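Subject: Structure handover and notes

Dear colleague,

Here is the structure I promised to pass on to you, followed by an account of what was found in it. Please read the notes with the coordinates open beside them.

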Amino acid sequence: MIMKLLELRTILLKIYQKARFIINPLVKFVLGLFVFNWINDSIGFDPRFTSKLITLLLSAVCAVTPGGVLVFFAMVLSLLHVFAASKFLAALLLAAYAILYGFLMRFSPKQAIAAVAIPVLGKYNLHYCVPLVLGCISTPLSALACICGVFIYYTMDIVKIAATRQIEMNLDDILQLYTDIADAVMANKQMYITMIVFTLVIVAIFLIRKLSFDYAFIISVGAGVVTNILGFLIADLRFNVTVNVGKLILMSLISGVIACLVELMKRVLDYSAIERVQFEDDDYYYYVKAVPKVNVSIPRHNVKHMSDYGDNPDEEEYSGYDGDAGNDSYEEEDDYSYCDSSDSDVRYEEFDENDFSEGEKVEYDDEDLSEYGIRSIDADEDETEQTKGTSDEGYEVDMTLDDTDV
Amino acid sequence: MLNNRKVRLMTQLAIYEKRQGKEDIKLSKYFKSDYARLNVLKTAIMVTIAYVLVVALVLLYKFEYLLDNVLTLDYASMGKSILGFYIGVMAVYLIATMLGYSLSYTRSHKKLGKYFRMLRKLKDIYNEEDSYAAGNAAYYDEGEDSGQ
């Protein structure tokens, strides 16, 4: 079962490596569709912007631009919709966005996508997976983006209700509307609780996965799930916040599984083969624990053509039957050049172990995927911190230089 | 003739330059203190704008009260409170920014260390090739058998 899973992982990574130029834009496009559709469904006050053509066009642009553009478009689209309903509300929303950016979002721009992912996934009660995944792949600073996402998620409902109120634009009405909105936001305990719990989840996962005990990565996800469930349960009991316990537990577990899958794609460590070594140099004495990464080779597919040449002599000639081997066969040609030295059974002849000596990372698979969230350079460096100083094949190798090398 | 060692190094360098390297190389143009100060300045401006907006929203929320008590309000203490909060918030943000960006500069500098080491290796390979071409060396390693 585990081997099958690891083989599947290798195959998926390989597919991703080959088709990432298609997969990445496609994922962004689908994400864009979800986000813009969510905005149109929630606050689609201006029918000009709810058309499918606009949604497709915006998603297509987002597919080929950085993630920040998606967030920017989402922000602009929501402002345009609210502007159609009420200019005052649009100004208020713009101020809210500016405050969120100035105080929070500016410090975690790379995780800005979380700010739109939470409202979109919240529709399906899967928003719990955002802090769990961010805890696995990012730093606690990503909690800032999460807080923005939670704010937008809960505020949109309030804005929607406020925008549907037919008011005359005199000062009294505007003030009344604003006071009602502010009261609703300030009284929204569920929002504050969610912000706090999500932050705790991210911090808990980050702290635990940094520890050096066995299976720390998977345990950290478990701890995140428990923190999430307990956090909301305590909020339910202590602060009288209504929580659907069954849905909370189920969705937290599903989110935990998603986070585990992300972790699986990021790295798989073989804790049964831990190496512990000690050595020293002029400045330090090192106690090193090196955990090898699991590298599963994909079995070769031998496609055998069983030609019945007795019945069909024409086919015998066609299949190149040589009369000695009994059947004609060929091996499917796959490019295994990205495999590391442990994959000796599938290596092409032109690469030998020496090609990857001196700790050069086994180039294109790991490095190439890092940008796309599968495995980051930072994550590798985290790993090297745990395994610092080792240079054996199959282990992470630290190539960090001294300051004198710079 | 292709030199495998050179190709590998150049590929690694290109990958780094295309991704993280962009930010790291841009950042290397600054001294650590300058980089941290620049970001502190940006943070100060953004936090000020955000704070002004928050104060404006709070004042709007209390607008009715302010109008009713426009003559009796203690503007001095109100101003002190607003300024006090501003200084507190700003201090927290500026300290966090200074620490955070200093740390990120140090990390980035380490990554650049790796980059420069690879550049030096590449330079060595070029020197080897030049020596071979000039007839000063009888052989140079193309990396087919020995890797590095």
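Two residues are said to be in contact when heavy atoms of theirs lie within 4.5 Å. With that in hand, and bearing in mind that this is a predicted model, we can begin with A:Thr55, which is found in helix H2 of chain A, spanning residues 52-63. Leaving aside its neighbours within four places in sequence, A:Thr55 touches A:Leu33, A:Phe36, A:Asn37, A:Asn40 and A:Thr50. Its relative accessibility is 3%, and because buried means under 20%, A:Thr55 counts as buried.

As for chain A in general, its secondary structure comes to 14 helices and four strands. Of its 406 residues, 46% count as buried, and the accessible surface of the chain comes to about 21,300 Å², with 61% of that area belonging to carbon and sulfur atoms. Among the contacts in chain A with a separation of 6 or more, 69% are between residues 24 or more positions apart.

The second largest pocket may be of interest to you, and it holds about 790 Å³ of space. Of the 25 residues that line this pocket, those closest to its centre are A:Ile99, A:Phe151, A:Val185, A:Met186 and B:Leu57. Which helices each supply at least two residues of this lining? In chain A they are helix H4 (87-103), helix H7 (142-164), helix H8 (171-186) and helix H9 (189-209), and they are joined by helix H3 (32-61) of chain B. H4(A) gives the most, with seven residues.

Turning to the strands, S1 of chain A covers residues 275-280, and S2 of chain A covers residues 285-290; the two run antiparallel and are joined by six bridges. S1(A) and S2(A) form a hairpin, with four residues between them, and A:Glu280 has A:Tyr285 in S2(A) as its bridge partner. Is S1(A) largely buried or in the open? The number of its six residues that are buried is zero, so S1(A) lies largely in the open.

Leaving aside its neighbours within four places in sequence, A:Gln278 is in contact with A:Tyr285, A:Tyr286 and A:Tyr287. A:Gln278 and A:Lys289 are eleven residues apart in sequence, while the distance between them, C-alpha to C-alpha, is 8.9 Å.

Finally, two backbone angles deserve a look. Most residues other than glycine have a negative phi. A:Asn125, however, has a positive phi near 60° without being a glycine; A:Asn125 sits in the loop between helix H5 (113-122) and helix H6 (129-137) of chain A, and with a relative accessible area of 22% it is partly exposed. A:Tyr215, also not a glycine, has a positive phi of about 55°. The place of A:Tyr215 is in the loop between H9 and helix H10 (216-238) of chain A, where A:Tyr215 is partly exposed, with a relative accessible area of 47%.

With best wishes

Notes:
Residues numbered from 1 in each chain as written. Chains lettered and ligands numbered in written order. Predicted model: local features only at pLDDT ≥ 70, side-chain atom pairs only at ≥ 80, totals over all residues. Heavy atoms only, no water. Buried < 20%, exposed > 50% of the residue type's maximum accessible area, 1.4 Å probe, protein only. Areas by Shrake-Rupley, 256 points an atom, 1.4 Å probe, with all protein chains shown as cover. 1 Å grid on protein atoms, 1.4 Å probe; cavity = no way out; pocket = protein on both sides within 12 Å on 5 of 7 lines; lining within 4 Å. Points joined across faces, edges and corners; volume = space filled by probe spheres on them. Pairing = 2+ DSSP bridges.
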